[in-house]
Amino acid sequence: MHFRSLLFSALVLISGAATAQDTPLPDMIGPAISRFEAGIICAPEVVGFREAPDTVAGVTNIIDNEPDFVSTGRYVPAVEGMGFGVKTHGRGVDLIGVTVTTTHPPMGAEGITQQTYVRDMSGTGVGIILYQFDFPYELVLGRWTFTAEHEGEILFRASFTVVPPEAVPSLAGVCGYEELLG
């Protein structure tokens, strides 16, 4: 963990803005994953949608290009257009029917706390699992966790903490979303 992340964690805990249940958990990376990265992105161009009936929106975004992480921190500003997630590389075997589950604080009118979809992951290329804030109802503060499973085996688990934008204004500035901090 970077010093900056540790310092921010300490400041958040001292201020009382986060509890133990909000703090990001350590990553878990299974043997099917050869490389794992986690971080925060600026919104990539969406080129289409894939049906995902067990999500609040009912779809997941399709992107053409691998977005760069603007931070490898785990504290994400609650700002529309920001995204966060993981990039993985497999060990040479394609994984068909990977279940991706995102858990988070209650969202939307129904108070949904879990969203799930199924996707395939290449054994040789980069696998990208991201969540992007597209709508105001998604901006819920607290711990968010991504878990990917294949045939009962956990491929990875990673968590982030979504915080008020004022807690990490430099990240909003990186993406040019300062006007949304208002």
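**An aromatic core**

Biologist: Is Phe146 buried or exposed?

Modeller: Phe146 has a relative accessible area of 1%, so it counts as buried. Buried means under 20% relative accessible area, exposed over 50% and partly exposed in between, with a 1.4 Å probe and protein chains only as cover. Please note that this is a predicted model: local features need pLDDT of at least 70, side-chain atom pairs count only at pLDDT 80 or more, and totals for chains, interfaces and linings use all residues. Numbering starts from 1 along each chain as its sequence is written, and side-chain values use heavy atoms, without hydrogens and water.

Biologist: How do the rings of Phe146 and Phe160 meet?

Modeller: Their centres are 5.9 Å apart and their planes stand at 85°, so this pair is edge-to-face. Rings of Phe, Tyr and Trp (its six-membered ring) pair if their centres lie within 6.5 Å; planes under 30 degrees apart are stacked, over 60 edge-to-face and the rest tilted. Phe146 is in strand β10 and Phe160 in strand β11 (residues 153–163), so the pair ties together parts 14 residues apart in sequence. Strands (E, at least two residues) are DSSP runs numbered from the N terminus.

Biologist: How many aromatic pairs does the whole structure hold?

Modeller: The search finds eleven. One of them joins Phe84 and Phe146, whose ring centres are 5.7 Å apart with planes at 65°, so that pair is edge-to-face. Phe84 belongs to strand β6 (residues 82–90) and Phe146 to β10, so parts 62 residues apart in sequence are tied together. Phe84 is buried, because its relative accessibility is 0%.

Biologist: Which residues form the aromatic cluster?

Modeller: Phe84, Tyr131, Phe133, Trp144, Phe146 and Phe160 form one cluster.

Biologist: Turning to charges, what lies over the face of Phe160?

Modeller: Arg74 does, at 5.1 Å from the ring centre. The criterion is NZ of Lys or CZ of Arg within 6 Å of the ring centre and within 35 degrees of the ring normal. Elsewhere, the charged end of Lys87 sits over the ring of Phe69, 4.5 Å from its centre.

Biologist: And the strand itself: how many residues of β10 are buried?

Modeller: Eight of its nine residues are buried. β10 runs antiparallel to β11, with nine bridges, and antiparallel to β7 (residues 95–107), with five. Two strands pair if DSSP finds at least two bridges between them.

Biologist: Which residues face each other there?

Modeller: Trp144 stands opposite Phe160 in β11, while Thr99 has Glu149 in β10 as its bridge partner. In the hairpin of β10 and β11, with two residues between the strands, Glu151 takes a positive phi near 50°.

Conventions
Helix = DSSP H or I, 4+ residues; strand = E, 2+ residues; numbered from the N terminus.
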